[in-house]
Amino acid sequence: MASHELIRKLEETIENIPDFPIPGIQFKDISPVFLDSKLYEEVIADLAAVSRGKVDAVCGIESRGYLFGIAIAVALEVPFILIRKAGKLPPPVISEKYDLEYGSAVIETREGQIKPGQRILIHDDLLATGGTTEAAAKLVEKQGAAVAQFSFLIGLTSLKGEEKLKKFNAEVYHILEY
């Protein structure tokens, strides 16, 4: 859905940082997007347009999923729900454990904020291996809601994160693909 012009602007703005945080990684620094308020507005308009009329709430994954997710929810006039690392939200919470390359992690959301039957958009800045996003989707389903969509600014297609999300039968959208 993104226009060629928006894609071009983002590709010119997002910085590629080689060998960060470790050798061999090509880090995509999205922070320059926030220096251009008009570009940020264009990104939000694009992300919101994909979801308009299709979702009842937006869940953002800590922490970079909040950078765009809150604005998407405001543009759609729907609630925004925080998905946070374990221990950051007051009880009662619903938790989901997931595996990392070395070890595991837990994400949580406040009990009762996601309502049964809601259609949920899960947003994060970037889709890589998909582990955290898959856990977020399981967290949504545990509460009787359905994941209607996933959205990202960037999709790193070579890492095959989208494969982990297929089981949720939800639309996956990203503006940029690397």
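**Pocket, sheet and loops**

Strand β7 contributes four residues to the lining of the largest pocket, the most of any element. Before I go on, please keep in mind that this is a predicted model.

How much space lies in that largest pocket? About 1200 Å³. It is lined by 36 residues, and the closest to its centre are Arg 64, Leu 126, Ala 128, Thr 129 and Thr 132. The elements that give two or more residues to the lining are β2, at 26–29, then β5, β6, β7, and α4, at 131–142. Sorted by class, the lining holds 18 nonpolar residues, nine polar and nine charged.

Now the sheet. Seven strands make an open sheet with mixed pairing, and the order across it is β5-β6-β4-β3-β7-β8-β9. Which strands are at the edges? They are β5, residues 93–100, and β9, residues 171–177, and each of these pairs on one side only. From one strand to the next, the twist averages 20°.

Arg 84 has Glu 108 in β6 as its bridge partner.

Next, the helices on the sheet. Helix α1, residues 4–13, lies across β8 and β9, and its direction is at about 60° to β9. Helix α2, residues 37–51, also packs on the sheet. It touches β7, β8 and β9, and its direction makes about 160° with that of β9.

Last, the backbone. Which peptide bonds are cis? One joins Phe 20 and Pro 21, with omega about 5°. Pro 21 sits in the loop between β1 and β2. Another runs from Glu 62 to Ser 63, with omega near -10°. Ser 63 is in the loop between β3, residues 57–61, and α3, residues 64–76.

Then there are positive phi values in residues other than glycine. Glu 77 has phi near 60°, and its place is the loop between α3 and β4. Is Glu 77 buried or exposed? Its relative accessibility is 74%, so Glu 77 counts as exposed. Lys 160 also has phi near 60°. Lys 160 is in the loop between β8 and α5, residues 161–165. Lys 160 counts as exposed because its relative accessibility is 55%, and the cut-off for exposed is over 50%.

Terms used: Residues are numbered from 1 along each chain as its sequence is written. This is a predicted model: local features need pLDDT of at least 70, side-chain atom pairs count only at pLDDT 80 or more; totals for chains, interfaces and linings use all residues. Side-chain values use heavy atoms; hydrogens and water are left out. Two strands pair if DSSP finds at least two bridges between them. Axes are lines fitted to C-alpha atoms, for helices over the stretch in contact, and angles run from 0 to 180 degrees between N-to-C directions. Contact means heavy atoms within 4.5 Å. On a 1 Å grid over the protein atoms alone, a cavity is a set of points where a 1.4 Å probe fits but cannot get out, and a pocket is an open set with protein on both sides within 12 Å along at least five of seven lines; lining residues have an atom within 4 Å of a point. Grid points are joined across faces, edges and corners, and a volume is the space filled by probe spheres set on the points. Ala, Val, Leu, Ile, Met, Phe, Trp, Tyr, Cys and Pro count as nonpolar, Asp, Glu, Lys and Arg as charged, and the others, Gly among them, as polar. Buried means under 20% relative accessible area, exposed over 50%, partly exposed in between (1.4 Å probe, protein chains only).
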